[in-house]
Amino acid sequence: MGYKVKLDIFEGPFDLLVHLIERAEMSIYDIRVSEITDQYIAYLEDLKRMDVAVAGEFMVLAATLIELKSRMLLPRMQSAETDAEMEDPRQELVEKLLEYKRFKAAAAQLEIREAENLRRFVKPQEDLSVYTENPEEILNVDIAQFMKAFRLFLQRKQKIEEVHKRYDRQKRERMSIEDRIVQMKNLFTGKKKFSFRELLGGETSRYNVILTFLSLLELMRQRSITVRQDVNFGQMTITVKDPKEKTGDVPAESEA
């Protein structure tokens with residue numbers, strides 16, 4: 001049965017020979033020289049038919065294989081003194097193939113490292129002498145100027161801390177409309193009529209004023225209070241309604 005050789009591009013004669021051995025599933029330590037030699041020469045003949053120039057190193061290995069093939073066909077001679085077989089004629093070829101495979105594996109590792117290094121970008125070294133060679137600058141001020149600048153620094157630092165504290169306090173003290181309504185209902189238990197200013201309790205921040213006003217609107221919607229304002233932008237008077245009146249249809253009294 002004939003053996004078809006796939007015409008690939010090989011780096012050299014040993015590359016082709018290793019390929020043929022692996023395709024035939026042979027052990028590199030037990031090469032069937034006759035079979036491999038026929039395949040190798042068939043490959044070279046195919047190249048010649050394709051008018052491809054065959055390098056001299058391929059021809060040298062072909063001659064080596066033919067010689068090994070002829071030596072393997074001769075009967076093994078034994079020494080009369082030691083009664084031991086002569087050295088295997090394939091040994092030298094096996095050693096060269098093993099060395100070739102080691103170098104090929106090392107070349108593959110170098111190619112991988114080269115590909116990894118090509119993905120790295122190195123920043124070129126900069127000239128820092130412009131910074132290192134300049135003399136140190138000395139601030140020439142007297143002690144009075146230094147103390148004045150230090151006091152200004154402390155004053156600014158204290159103002160910033162006060163602003164932070166005031167902001168944090170206001171943030172903690174802020175409540176929702178629901179919480180404000182509960183707070184206002186607690187006030188309604190002891191008194192039935194309030195002015196809007198009394199409900200503010202001295203806290204006239206914008207947030208507290210808006211929160212109290214929105215809470216009043218919600219209580220008016222619930223028919224819990226009535227609000228009266230005699231003049232535009234005048235004082236508002238809040239009257240707490242009797243719980244019995246809330247169930248009726250008496251509308252909330254408001255001119256706000």
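**Salt bridges and a helix contact**

Reader: Which residue has a side chain that meets the side chain of Glu-161 in a salt bridge?
Author: This is a predicted model, in which local features need pLDDT of at least 70 and side-chain atom pairs count only at pLDDT 80 or more, while totals for chains, interfaces and linings use all residues. Residues are numbered from 1 along each chain as its sequence is written, and side-chain values use heavy atoms, with hydrogens and water left out. A salt bridge is a side-chain nitrogen of Lys or Arg within 4 Å of a carboxyl oxygen of Asp or Glu. For Glu-161 the N to O distance is 2.6 Å, and the partner is Lys-157.

Reader: What separates Glu-161 and Lys-157 along helix H6?
Author: Helices (H or I, at least four residues) and strands (E, at least two) are DSSP runs, numbered from the N terminus. H6 covers residues 143–173, and because Glu-161 and Lys-157 lie four residues apart in it, their separation is about one helical turn.

Reader: Is Asp-15 buried or exposed?
Author: Asp-15 forms a salt bridge with Lys-104, with the closest N and O atoms 2.9 Å apart. The pair links distant parts of the chain, 89 residues apart: Lys-104 is in helix H4 (residues 91–118) and Asp-15 in helix H1 (residues 13–23). Buried means under 20% relative accessible area, exposed over 50% and partly exposed in between, with a 1.4 Å probe and protein chains only. Lys-104, at 40%, is partly exposed, whereas Asp-15, at 8%, is buried.

Reader: How many salt bridges does a search of the whole structure find?
Author: Another pair is Arg-32 and Glu-35, at 2.9 Å from N to O. Arg-32 is partly exposed at 40%, and so is Glu-35 at 31%. For the whole structure, the number of salt bridges found is nine.

Reader: How are H7 and H9 oriented to each other?
Author: H7 (residues 177–188) packs against H9 with axes 9 Å apart, at an angle of about 75°. Axes are lines fitted to C-alpha atoms, for helices over the stretch in contact, and angles run from 0 to 180 degrees between N-to-C directions. Angles under 35 degrees count as roughly parallel, over 145 as roughly antiparallel, 65 to 115 as roughly perpendicular and the rest as oblique. The orientation of H7 and H9 is therefore roughly perpendicular.

Reader: Which residues does Asn-208 touch, leaving out those up to four places away in sequence?
Author: Asn-208 belongs to helix H9 (residues 206–221) and is buried at 12% relative accessible area. With contact meaning heavy atoms within 4.5 Å, Asn-208 touches Arg-180, Leu-200 and Glu-203.
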